[in-house]
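Open your viewer and get ready to click around. We'll go one selection at a time, and each stop says what to look for.

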Amino acid sequence: MRATAPTKTNLLKLREELKFARLGHELLDQKRNILVVELLTLVDQASDYEKKVEEALATAYASLQEAALTMGKLRVSSTGAAVNMRPTVTLKQRKVMGVVLPVVETAFEERSPHYSPLGTSVWMDKSVRDFQEALKLMGRFAELKASIMRLAAEVRKTIRKVNALEKIAIPDLEESVHYIQNRLEENERDMFTLMKLVKNRLTREESEAAIP
Amino acid sequence: MKYYVIGDEDAVLGFGLAGVRGRRVRTPEEAGEAFREALSDRDTGIVLITERVAELIRPQVDRYIFKEDFPLIVEIPDWEGKLTSRPPLREMVNAAIGIKL
């Protein structure tokens, strides 16, 4: 409880503060709920994507292995150097309750054919395609993962604020208001009895003066 | 913006086919250097790093993932498959916010 002088002004001020704290608590509670729901959907999507990425990569590595077996790793890498493909990432933003989340778009700029189909294995072509597919998934996966990290941090912050208000600030204010109210009422009663006393004494003095 | 890949030979070669620049690393020193290099380039949008390499420089990577916004870091399995020692995403989130989803 805070040490505040038990005056009417302080009482009004504290009541105002308490109202404000309650409003803030309600808003933050809503914010937390919305964030958690968003986080849940993102986590579901991300675990989905994680599986997809794993599968895509497994296929891509397998194709690469085949290509390396048929052509030799050296030739795969020298042929690969001729592939004219440039993946570009565009980062945008979206906002959820004031939290900035990234939105990733991957675009491929390619000029095929990249190399002569003569003397290169079909696995080479497949590796290129497979890795391109994997990369497409990767952009979205990165976006989801980063979003989850940021949202989780925000949720943690919000939970801390909600708890601080709920467990400390609001009870504290309530107690202060209660204390001041009690003190003021007590003072009033004091004054009341004092007045009674004075009035009694006055009437007694009056009647004593009237008798003789 | 561009992708950048840090990993073993196969990962770098494979993503190289799709036009991603990258660096092959084997030791923690090489990994740390490649990681710094990837981050220092303003044009790098997303860094792909294989789990096994990320494991070599785990403190560095984790500090980055939790603190910085950009570039985005993705850990990918290498040709041997997913590392089983890494906790699933859901558990990581639970641990991060301290409540169960």
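Predicted model: local features only at pLDDT ≥ 70, side-chain atom pairs only at ≥ 80, totals over all residues.

**Stop 1**

Now select residues 72–76 of chain B, which make up strand β4. Five of its five residues are buried, so call this strand mostly covered. Check both faces: L72(B), V74(B) and I76(B) are buried on one side, and I73(B) and E75(B) are buried on the other.

**Stop 1: the partner strand**

**Stop 2: the largest nonpolar core**

Next, select I148(A), V5(B), I6(B), F15(B), I46(B), L48(B) and V74(B). These residues have the most contacts inside the largest nonpolar core, which has 63 residues. Several elements each supply at least two residues of this core, among them α1 and α3 (122–210) of chain A and β1 (2–7), β3 and β4 of chain B. Which element gives the most to this core? Colour α3(A) to see the answer: α3(A) gives 16 residues, the most.

**Stop 3: where the chains touch**

Show both chains together. The contact takes 40 residues from chain A and 30 residues from chain B. On the chain B side, β1, α1, β3, α4 (58–67), β4 and α5 (89–97) each supply at least two residues. Helix α1(B) gives the most to this side, with six residues.

**Stop 4: two helices in chain A**

Finally, select residues 8–71 of chain A, helix α1, and residues 73–80 of chain A, helix α2. How do you describe two packed helices? You use the angle between their axes and the distance between the axes. Here the axes come within 7 Å and cross at roughly 110 degrees, so α1(A) and α2(A) are roughly perpendicular to each other. Zoom in on the contact: A67(A), A68(A) and M71(A) in α1(A) meet K73(A), R75(A) and V76(A) in α2(A). The residues of this contact divide into four nonpolar, no polar and two charged.

Note on methods:
Residues numbered from 1 in each chain as written. Chains lettered and ligands numbered in written order. Buried ≥ 20, exposed ≤ 12 C-beta atoms within 10 Å, placed from the backbone. Helix = DSSP H or I, 4+ residues; strand = E, 2+ residues; numbered from the N terminus. Axes fitted to C-alpha atoms, helices over the stretch in contact; angles between N-to-C directions. Parallel < 35°, antiparallel > 145°, perpendicular 65-115°, else oblique. Contact = placed C-beta atoms within 7 Å. Nonpolar A, V, L, I, M, F, W, Y, C, P; charged D, E, K, R; others polar. Core = buried A, V, L, I, M, F, W, Y, C linked by C-beta atoms within 7 Å.
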